[in-house]
Amino acid sequence: MRLSDLMKATNSFHKNNIIGSGRTGTMYMGVLQDGTSLMIKRLQNSQHSDKEFSSEMATLGSVKHRNLVPLLGFCVAKRERLLVYRFMANGTLHDSLHPADDANRALEWSLRLKIGIRAAKGFAWLHHNCNLRIIHRNISSKCILLDADFEPKISDFGLARLMNPVDTHLSTFVNGEFGDLGYVAPEYARTLVATPKGDVYSFGVVLLELVTGERPTLVAKAPESFKGSLVDWISQLSNDGKLRDAIDTSLVGKGVDNELFQFLKVACNCVLPPPKERPTMFEVYQLLRAIGERYNFTSEDEILMPSDSGNVDYLEELIVAR
């Protein structure tokens with residue numbers, strides 16, 4: 001796509017059009033002359049040549065799933081590298097769970113459960129069924145976008161390779177950074193290597209956000225003296241036999257308490273400190289799908305059972321975006 005068209009669509013990348021920002025770049029809302037709304041990601045520090053970048057775009061453009069944000073196009077112009085996505089009307093999951101105005105309080109349980117199941121489906125597909133076998137490496141509630149029907153769509157998949165072309169296999173992190181605070185698997189500080197089980201940990205934190213309503217680094221319900229993360233708080237409650245106290249009180253007592261607790265237990269398994277004790281993303285999807293069976297959230301496009309599921313160490317079969 002032409003830079004001039006994207007400049008017009010975003011009012012020359014005006015700060016008022018910013019709808020999100022992160023390590024890989026800044027996301028803008030744009031409106032084309034025909035009225036089409038888009039999201040335009042302006043990458044920072046991509047080291048690819050024009051030819052390499054275009055090749056990567058062809059690869060990423062071929063990665064299609066119902067629960068991934070569709071990549072519509074891209075732009076290469078001098079040092080600018082821009083990705084163009086379909087607009088998602090309900091923004092990020094983070095903003096829906098943690099609205100600036102608490103009066104707009106939060107999503108009902110059936111919607112949260114649907115988002116958890118369908119997002120798990122997308123991540124399981126990236127890990128197990130996608131021909132490219134992509135490790136996301138930067139999972140958070142900010143990378144899960146919601147369309148007009150609150151269908152979750154995963155963004156930023158495959159972007160790690162765009163930021164560091166040397167980084168090809170089981171790769172280390174962009175500029176030595178691990179991801180958003182509160183979502184980073186504990187082993188990453190030691191190994192500096194991205195793994196599927198690291199993605200599972202990060203997604204587990206997202207699941208904890210969904211069921212507790214709390215932020216990953218600031219727990220409103222915890223005592224004032226508590227200074228840890230959401231995972232630390234959950235671990236403390238679990239050790240004290242008070243895990244049910246973590247569940248968002250706005251969801252309790254509405255006939256779904258058993259579902260809430262089962263969901264919380266899946267999330268807890270995802271954030272276990274030893275990576276080998278965490279489920280695979282396929283197993284996470286299957287566990288969540290079982291919890292939501294009565295809602296018919298997963299009637300089509302099911303994830304195929306991977307040949308590498310279970311206890312087999314499939315790490316070496318996974319590559320990042322290629």
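**Salt bridges, sheet and helix packing in the predicted model**

R112 is buried, with a relative accessible area of 1%. D248 is likewise buried, at 4%; here buried means a relative accessible area under 20%, exposed means over 50%, and partly exposed lies in between (1.4 Å probe, protein chains only). The structure is a predicted model, in which local features need pLDDT of at least 70 and side-chain atom pairs count only at pLDDT 80 or more, while totals for chains, interfaces and linings use all residues. Residues are numbered from 1 along each chain as its sequence is written, and side-chain values use heavy atoms, with hydrogens and water left out.

The side chains of R112 and D248 meet in a salt bridge, with an N to O distance of 3.1 Å. R112 belongs to helix α4 (residues 109-129) and D248 to the loop between α8 (230-239) and α9 (257-270), so this pair ties together parts that are 136 residues apart in sequence. Helices (H or I, at least four residues) and strands (E, at least two) are DSSP runs, numbered from the N terminus.

In total, eight salt bridges are present in the structure. The term denotes a side-chain nitrogen of Lys or Arg within 4 Å of a carboxyl oxygen of Asp or Glu. Another of these bridges joins the side chains of D5 and R2, at 3.1 Å from N to O. D5 is partly exposed, with 27% relative accessibility, and R2 is exposed, with 56%.

A salt bridge is also formed by R294 and E259, whose closest N and O atoms are 2.7 Å apart. R294 lies in the segment after α10 (281-291), whereas E259 lies in helix α9, so parts that are 35 residues apart in sequence are tied together by this pair.

Five strands form an open sheet with antiparallel pairing, in the order β1-β2-β3-β5-β4. Its edge strands, β1 (18-22) and β4 (71-77), each pair on one side only. On average, and with direction ignored, neighbouring strands of this sheet are turned by 20° against each other. Strands of a sheet pair through backbone hydrogen bonds, either parallel or antiparallel. Two strands are taken to pair if DSSP finds at least two bridges between them.

Along the sheet, β1 and β2 pair in the antiparallel sense over four bridges, and G20 has M27 in β2 as its bridge partner. These two strands, β1 and β2, form a hairpin with two residues between them. Strand β2 (residues 25-31) is joined in turn to strand β3 (residues 37-43) by seven bridges, and the two run antiparallel. Within this pairing, the bridge partner of G30 is L38 in β3.

Strands β3 and β5 run antiparallel and are joined by five bridges; K41 has L83 in β5 as its bridge partner. Six bridges join β4 to β5, again in antiparallel fashion, and the partner of V76 in β5 is R81. The hairpin of β4 and β5 has two residues between the strands, and K78 there takes a positive phi near 55°. Six of the seven residues of β5 are buried, so this strand is largely enclosed by the rest of the structure.

Helix α2 (residues 50-61) lies across β3, β4 and β5 (80-86), and runs at about 175° to β4. For such angles, axes are lines fitted to C-alpha atoms, for helices over the stretch in contact, and the values run from 0 to 180 degrees between N-to-C directions. Contact means heavy atoms within 4.5 Å.

Just after α8, G241 takes a positive phi of about 70°.
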